[in-house]
Structure formats: structure tokens, C-alpha cells
Amino acid sequence: MDKVFYITTPIYYVNDVPHIGSAYTTLAADILSRYMKMRGRKVFFLTGTDENAPKVAEAARAKGESPLTYCDRMAEEFKKTWDYLDIQYDAFIRTTEKRHFEVVRQFLQKLKGRGYIYEGYYKGWYCIYDETYFREEEVQDGLCPNPECRRPLQRVQERGYFFKLSAFQEALLPFLNEDKRVLPDFRRREVINFVLGGLRDLYITRQRNDWGIPFPDDEQLQVYVWVDALINYLTAVGYLQDDELFSSLWPPDVQLMGKDILVRFHATLWPAMLLAMELPLPRLLFGHGFWTVQGEKMSKSKGNVVNPLTAIREIIRFSGCEESYAKDALRFYLFRSTPFGADGDFSYENLRACYNGDLANNLGNLLNRLTTMSTKYLDGEIPPPGYDYSTEVHSVLKSYQEAMEELAFHSAIASAFTLLDLANKHLDETAPWRLYKEGNIQAVRNSLGTAIELLRISAILLYPFLPSASREILSRLGFSSAPSFKEANWGLFTEERKGIKIKAGTPIFPRMEEVIKISNQEKEITIDDFAKVDLRVGKIVSCKVVEGAEKLYQMEVDLGELGKRRTIAGIAQYYTPSELIGKNIIFVANLAPAKIKGLISEGMILAVDAPGQVVIVTPEKEVPPGSKVR
Ligand code: MSP
């Protein structure tokens, strides 16, 4: 029997809310997990939060909260975001859990028993942002040597414990030299160079904190957070707690992470810790690239951090597509636009081009054309294919599968899209609309049946990347069961399916308008900046759905002395018109007009953007329309 396929993401520090970067890794794990399940494998997908770090305690203090209360709140935030993004993880570990404390302490005791831990004196530096120790010779100017960080370091001179990392320099090489154990390959070479450069013993305790896991037998010290964090991958699958569970899952099949934590931590320290305990090493470590935003590194201080919820909201706002498909669209964009392993640059312009080109046009239009034609010419019949594309499909399945096995998600999507291109080309060449006019119904059936079959197979292949849209497409084509790779072969669409009719529906991916305003600015502003925003109380006087965009409302808002304004908002999923009419709301009165679905929107209603819902902001007491909000 196949081993359960064990996938991990890094556990995320809770000093910050989830963003497009952490979502990227977690989405990648979900894509792989859905693919493996579709192939019939049992999967265990682990994610979680890294909570024992000094910077987490610092973030809690800055908010005036106790570290644990703060971590409880933030861990929920991560779970909620992953749930909202349709990420189906199997387990969520928090490093403040009691079981993890136990496992870490026992692990260290065993390491010590094996002679890999010794007491000593440490003199060097610590970067609280990277949670990394640096040696004297690595630091020139008291600043973090990581070019991405360059922040002031803490001086450390203290007694503590070391892990004999240097003992593993040779032992790590066979693992690192093996093909496809560390991907992408150029990163594997980076790791090899790092290891060949010489490994020093690692300082694995700290004294400056009252937050963290007490070091066994020397309780006033805490365990260095990276050692504690890496052990999460063991704790979560029953190590030293449930042998049966552990042996069914260990070792991890794929461990995903960003390039930032591959070389030093996951490809060096981590396998060395496992070798020391004689535990099998992970089958594959994958270090993906980083996302920048319009060419710049994402950072809180720059205020350019992209929140995935905001990006989804923008997709809905400018396309009018349903929320579940907007989530798919974001996921798709992240993996379609950039090869997994390379760095990507996020921009709404690129997102829109990718959405319109691939989703609205190639995929969405094909579905719309096929449903319309089948309904019009064949009374909704889904005919079997009249042409044979089995060779093309066979070769696409092969390249898709190879790509997915190597996590080359971008190539896998490209393979699936060759089938959509074939279908579109087939329709253009056979022109069923002309055949229909000529009265050649059998030829119409042959043509439409062929294109439908190509669409059906692509929808299965695209399922990991477009989970909601793929299911919807398959269901419109009369398939309601969960997408399965076994069904992705040519000719499944046989006569037996006679009587099943194609389901018409609104476009899944309506075209996206130009995204006029990017609303992910979280930068500090001055009171003068704020005063530029003319916020007013308004009363909604009318509300109706925008034609052709059922998620959008067109509303008229009475602003008293400023008169009445029309505004377009994507809130039709959350409120009925009658709930809105007569409501007092807060309105941005001096926003530059924007064109949405061909209508001019003059201003904006304020709403709370919460996972899974949008909630309108209203003044707490009745006040006249036009009143200023400050
Ligand atoms: N807590 C450690 C990991 C411990 S794992 C045993 C940590 N946490 S983190 O919150 O900083 O998350 C790091 C991970 O988030 C990166 O490795 C990467 O997977 C993801 N990303 C964070 N920013 C990112 C981008 N800008 N782009 C892509 N991924 C990014 O390090």
C-alpha cells in the first residue's frame, strides 16, 4: 500500500497577519494535495504557526497583550484565512501546544544522549527579525548581514548549549547530491556550496527571554526558536507519541518553503538534526521564489503588503465574478504567471491580463459558447466526440503529470491550456454555427461533442488550480462527482450519458475591467493626508443589480448638501436591496469617479472586509445626510 503522502508548509510567525507570500506557499501545498488526492493518494497536509519566537513576544507586547492571548488570536487569523482561501489542510500545529513542548524537550534530551549537544560560551550576534545567530566574522557593522534585512543586531555573550552541526558536513552531502531531493536545482547547488563552505556548531539556546520552550535540565534557558520550529514536522505526525501514526507518515514527501529559509535551515540544520537522530530524511525539499509588488519588496513600512482578501475583493469589484471564483482566480494567477521556484512580481495589471486572457477568454468563453450552442442547436444534448483527439490528450496528460510531480505548476497549467486551445481551434475550424445553418445536425453534434470532451478533460487537470470553477464546469457538463485523474482520458463521454443535458449558467469569469485604484496601501499617513478624504454620512435611496453583473449593486446615495450620487459596489451577495434602502452609511465623497461595468461610480461606501463577508459601516445614531465624518 502507498504511504500516506505527507506535505508540509513552513509554520508562519504570528507577528504578522497572513499575506500573499505566506498564502503562496500554503496554496502550493493545497494544489499538490488536491492533485495527489485526485490521483487516488491519501494525503496528510500540515501547516501551522511558529509562536515561540522572541519577535512574537515583542509583537504581543507592542499590542499590550500577553504573548499567549496574542498567539491565540493570530493563529485563528491564519486558520480563518486559509479556510477562506479554500485551503484544505489536514492538521494545523501551534508550537505553543503542550505536546510540542514535550516532544522538543525529549528530542533534545535524546540528542544530548547521543553526544551531539554540549555546553559552552557563545559570543556573537542575534537578529530578532530573522531569528538567526550570526558569528563575529559574518558581521561588519552591527547590522544584519542578510541583504534583505540590514537591521541592528543584538550582541550576545552568554553561557548556553551548542549542537554539533559541524559533525554532519560530510554526512549531508549524499542527500544533497541526490537528484531531486532539493528543488529547484540551482538552489540545491547553493546549499551544497553553503555546506562545503564549512559548517560550524550552532548555538541552540537563549537567555534573554521569558517566552519559549525551557531547555531540558537547564530550565532558565530557552530553546533557540528554529530548533523548536523544525521539530513541529515531527510533533504533528505523532513522533514520540503515536508510533503507528508516525510510521504511516514519516518521512515527509514534500516540504515546501520560500527560498529565504531553505539553505541554512531546511536543507542544512534540519537534515542534520534528523541524521543525528537516525530518522529518514524528507523525500523532497522545495524552495520557491519570492513575490515582490510592482518591483518592490513587500514590507509593512512601505505599506505595500498585499493581503489576499483585498486582492480577491478587487477581483470581485472589477469583474463582478462570484466570490468562490475570485478566490480561484487569485490562486490561478499566482501559479500561472510565475514558474514555481522563480521570483514573481504582483501587480493588478498582470492579474487582470492573466484573468482576462486565460480565464475569461480561453476557458470561460469556451464554456459559454458550448453551453449556448448545445442549448440552441441540440436542445442541451451533450453529444459524444465526433473526432479523435486521444493522441493529443495522451501526450498532454503525460506532460501534465510530469510537471505536477516536479511541482512545475506553471508548466502543468500550460499543458492543460493546450487542450483549451485545441477546443477553441476545433470550433473555429468546424464552425458548428455554419453546420447548423446548413442543417447538418450530426456534424454539429460531432463538433460540439469534441470540444466539450476537450473542455471536460482540461477542467479535471485544472482542478487543483481552480477548485470551484473546475467543479462548476464539470457539473454544467453533467458530472457531479469529485474530479478524478482516472476520468481524464479521452472518450469517457460516451453514449451512456444520453439524456444528460448541459446546464446553462451565468459566466463564471466575466471580463475584468481595468483596476483603477489599488487599495492595499497600509502605509502611515499624516493627519493632513487623512483630511483629504471627504467622508460623509449618506442615505441609500435606491438600489438595484447592475445588468450583466449579478454581484454588483448600483445605488443612489443622498449626501444632503452635496446632492445625490451613484455608486457601484460588489455587495449583492451580502445584502438584499431592501436591507440597504433607507440605510445611513459612510461615503467617500471626493473619490475620483471610476468606470465599472460601463457605469460611472461617483464615490464609495465604506464596508468592513472580513473573511467570507462584507459588512457596511453605519453611524451609531440617526444623523442628517451630508454630515461630515472626521
Ligand atoms: N517561522 C519560520 C518558518 C519555520 S518552519 C519550521 C518563518 N516564518 S515566516 O512567517 O517568516 O514565513 C516564511 C515563509 O513565508 C517563507 O519561507 C515563504 O514560504 C513565505 N513567504 C513570506 N514572504 C514571502 C514572499 N514575499 N513571497 C513568497 N513567499 C513568502 O520563516
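Me: How many of the residues of strand β1 (residues 5-13) are buried?

Reply: Buried means under 20% relative accessible area, exposed over 50%, and partly exposed in between, with a 1.4 Å probe and protein chains only; helices (H or I, at least four residues) and strands (E, at least two) are DSSP runs, numbered from the N terminus. In strand β1, 9 of its 9 residues are buried. This is a predicted model, in which local features need pLDDT of at least 70 and side-chain atom pairs count only at pLDDT 80 or more, while totals for chains, interfaces and linings use all residues. Residues are numbered from 1 along each chain as its sequence is written, and side-chain values use heavy atoms, with hydrogens and water left out.

Me: In which sense do β1 and strand β2 pair, and over how many bridges?

Reply: Two strands pair if DSSP finds at least two bridges between them. Strand β2 (residues 43-50) pairs with β1 in the parallel sense over 7 bridges, and Tyr13 has Asp50 in β2 as its bridge partner. With strand β12 (residues 254-258), β1 also pairs in the parallel sense, over 2 bridges, and here Ile7 stands opposite Val254.

Me: Which unit do β1, helix α1 and β2 make?

Reply: A crossover is right-handed if, with the strands pointing away from the viewer, the path from the first strand over the helix to the second runs clockwise. Here β1, helix α1 (residues 20-38) and β2 make a right-handed β-α-β unit.

Me: Where does Asp253 lie, and with which residue does Arg283 form a salt bridge?

Reply: A salt bridge is a side-chain nitrogen of Lys or Arg within 4 Å of a carboxyl oxygen of Asp or Glu. Asp253 lies in the loop between α9 (243-249) and β12, and Arg283 forms a salt bridge with Asp253, the closest N and O atoms being 3.0 Å apart. This pair links distant parts of the chain, 30 residues apart, since Arg283 is in the loop between α10 (262-276) and β13 (285-288). Asp253 is buried, at 7% relative accessible area, whereas Arg283 is partly exposed, at 41%.

Me: Which parts does the salt bridge between Glu219 and Arg105 tie together?

Reply: The side chains of Glu219 and Arg105 meet at 2.9 Å, N to O. Glu219 lies in strand β11 (residues 218-223) and Arg105 in helix α4 (residues 98-113), so the pair ties together parts that are 114 residues apart in sequence. At 44% relative accessibility, Glu219 is partly exposed. By this rule, the count of salt bridges comes to 45.
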